[in-house]
Structure formats: C-alpha cells, structure tokens
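Visitor: I am new to this structure and would like to learn how to read it one feature at a time. Could you show me the entry first and then take my questions?

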Amino acid sequence: MTAGPGSGAVAGDRDLKLSRVTKRFGDFVAVDDLTLTVPEGSFFALLGPSGCGKTTTLRMVAGLEEPTAGRVSIGDQDITGLRPYKRPVNTVFQSYALFPHLAVFENVAFGLRRRGVRGVEERTEQMLELVELREYAGRRPAQLSGGQQQRVALARALINEPRVLLLDEPLGALDLKLRRQMQIELKRIQTEIETTFVHVTHDQEEAMTMADTIAVMNRGVIEQLGAPAELYENPLTTFVANFLGQSNLIMTEVIDPSGHTVVVDCHGQKVAVVASRCHTQQGRGWLGVRPEKISASAAGCEDHADVNVLTGGVVSDVSFVGVSTQYLVRMPWGQELMVFEQNTGTRSPLTNGDQVDLAWSRDHAFLLDAEQDAQAGVVREDGS
C-alpha cells in the first residue's frame, strides 16, 4: 500500500482548518479563539501539559465536542455540525478499544464489513501488511503485546481511508522502550500512506521524534507553531523554552541592539546573541541557553575566542547518566546553571568544587522578554 486516500487530489484541497474556534465549559475557556491549518499529508502534533486544550481541540475535530464558536473544515467541506460517523476522520485512542472476541483480521475488517464494502479480504490483508501484523491475523487481542494491539487499532482506523487520522495520546499506555519503537513505526506508516496525522501528546520527545510540525499549546492558545528544530532552537516564549526540553534562563540587560548581534550585560559580564534570535531588544531580558550547548572547562585553561564566556562558576553537583554527565554550576550571582556534556572520553570529568568557565556560541542562545515568567512550562518531578 504505497499511496494514501489523498492520492490524486489537488495539493492543499484537504487541509484541516480550524477558524476562530472557541470551546467554553461554563466560565472555563478550554480553547480560546484558535485558528490553525494542518497541511494535507503532514504529521502534526498538538503538544502541551494537561488542561492546555489539546484534547478538547482534537475532540472538536472528531465531532465528540461541539465548538462554542468557530468553524472546522477539511478542504472546502465544513464539518463543524456533522455527526462523528459522517466526518472523514478516524480516531485512535490510548485505550485501543479493540473487540476482545474478534480475531485481529476481523477487528481490522470490521468497519468495511459494516459498510458492505467490496474486497474486504484483500484490503484487510494489505493493511495488516502495512502494520506488520499479517502473521497475527488469527490471534485475539489478548494474545498480543501492547504495541501490537496499538498497531491493530491503527490498522482498523486507517482501513476506512480517513482524510485525517486523530491520535489521542496513543502511546501513553506503553513502556518507555516500546513507546520509542512505536514512535518510529507510526512515522514510517504515516510517511508511506501520506494520510494527515494529528497527534495529541504531552510528551515532548514523542512530538519531536514524529511530527513535521508542532503546535505548543498553553491555556487554550498556541504559544508557538513550527518545525521541531525551530521551536527547540529558537523559542519565542519562556513556556516553550522550558516545556520543550530544558533551558538556562538568566536575567540580563540589553546594552547594544544595533548590530548583527545584540550585546547584553549578564551580571557584569558582556555576552552577545544573534539578532534573529532576540525577541526583545531593549531593557531587561531572559538570556536562554540550552544545557547541551554550554561547554564547562577549568577556569582560565582554554582560549574562548569568538564565543560567549561567563567566568566565576563553581561546580556544585555532578550526575553521571550514561551518555552524558550533567553538571550544576553555581555562578557568582547565586544562580545554578545546567551543563550537559557528552561522555566521549576526550577529557577528564569535572568534580564538585572545581572553578570553571562556561562558554557557548552566539548562535546558540536566545533572548526573551523579561516580563515573562521564568518558571512557565517547567515540568516538575511530580509531572505537574
């Protein structure tokens, strides 16, 4: 099966569009005036913490919730008022919802048989081959692993040839190793059939691994939308900077915004940020640097030409985590900065109490408005 249901259609005529969609539950606004276009054939992720509005958005596309205001359409077809079964969409849930008394083959074929479609056997075999479960066709769901059950649910949804496949936290019930395997599988399947996938998740790694485009949601609105690398490398808000990975955010003062780089004062030390990555150019700002972008070295021992350098750091914690060593470095103004260093074996590890310089490229920092909350989007140990 090499082509999806969109084959032969004019490019873009089946884009999923949400136009000024709002959903209220009493006084609570779950989704606030959301306008969004999901290109046909793309793998799109709605990413955000619990309560951000991502699942409510998905349910409005599926027809399981009715918008308080706004319009949902696929191409030129307005589906806002259609019942779920009349929409050209299918949904895969975390719970799989397979029929336990039916074999895998009959679970996948169920929708076609119900509609009286011809060629059920051939199409079902093609779909089982796509999800690599042909040899399990005669088994019951209880005889399969969690990952295999998830692929059955995926095949059952895709066999109906939806224009849009909605995935609601589909990997949440799987263990870490299996979840990572399924991320690769889902991306492979989506690429092969070219159906539009809209994937809801709170897992940053999951979204970045699979999606072509990510919309980071917070409190019912989209904070930022773009390719995974764009969002990670150049976040527009503290929420995105913190929720999508980890960031060091340091209070600074803009000194000179006039050149190719913006110069800021960082507690008495000057550093520069490429102007295209500066989202404020006057007054105070949060200087952001990802931990893996920073190099820590013994104080005064390395030549740091043409890079930003902060001196006066002292290693306060060392954590070995296999592929990398994670350091906390206490700076003269009292803040502890995170540094992640790959364990390549090219130099000796640092130890607690070592005095260090921190260095990073001007291309690897960003500058955000100081009015934003530096703790926005931080995922705590309890998952909140």
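Visitor: Leaving aside neighbours within four places in sequence, which residues is Asn218 in contact with?

Guide: Contact means that heavy atoms lie within 4.5 Å, and by that rule Asn218 is in contact with Cys52, Glu223 and Phe239, once its neighbours within four places in sequence are left aside. With Glu223 there is also a polar contact, side chain to side chain, at 2.9 Å. A polar contact is a pair of N or O atoms within 3.5 Å, where within protein one must be able to donate a hydrogen and the other to accept it, and where residues adjacent in sequence count only if both atoms are side-chain atoms. Please keep in mind that this is a predicted model, in which local features need pLDDT of at least 70 and side-chain atom pairs count only at pLDDT 80 or more, while totals for chains, interfaces and linings use all residues. Residues are numbered from 1 along each chain as its sequence is written, and side-chain values use heavy atoms, with hydrogens and water left out.

Visitor: Is Asn218 buried or exposed?

Guide: Buried means under 20% relative accessible area, exposed means over 50%, and partly exposed is in between (1.4 Å probe, protein chains only). Asn218 counts as buried because its relative accessible area is 14%. This residue is found in strand E9, residues 213–218, where helices (H or I, at least four residues) and strands (E, at least two) are DSSP runs numbered from the N terminus. Ser73, found in strand E4 (residues 69–74), is likewise buried, with a relative accessible area of 2%.

Visitor: Which residues have the most contacts inside the largest nonpolar core?

Guide: In soluble globular proteins, nonpolar side chains tend to be buried together. A nonpolar core is a set of buried Ala, Val, Leu, Ile, Met, Phe, Trp, Tyr and Cys residues joined through side-chain atoms within 4.5 Å. Here the largest one has 47 residues, and those with the most contacts inside it are Leu154, Leu158, Leu165, Phe197 and Ile214. Helix H4 (residues 146–158) gives the most to this core, with 6 residues. Leu154 touches Val92, Leu165, Leu167, Leu186 and Ile189, not counting residues up to four places away in sequence.

Visitor: What is the order of the strands in the open sheet of 5 strands?

Guide: Strands of a sheet pair through backbone hydrogen bonds, either parallel or antiparallel, and two strands are said to pair if DSSP finds at least two bridges between them. In this open sheet the order is E13-E12-E11-E14-E20, with antiparallel pairing. Its edge strands, E13 (269–274) and E20 (365–369), each pair on one side only. Strand E11 (residues 248–256) is joined to strand E12 (residues 261–266) by 3 bridges, and Glu253 stands opposite Asp265 in E12.

Visitor: What is the phi of His267, and where does this residue lie?

Guide: Most residues other than glycine have a negative phi. His267, however, has a positive value near 50°, and its place is in the loop between E12 and E13. Asp33 also has a positive phi, of about 55°, although it is not a glycine, and this residue lies in strand E2 (residues 28–38). Asp33 counts as partly exposed because its relative accessibility is 36%, and His267 is partly exposed too, with a relative accessible area of 40%.
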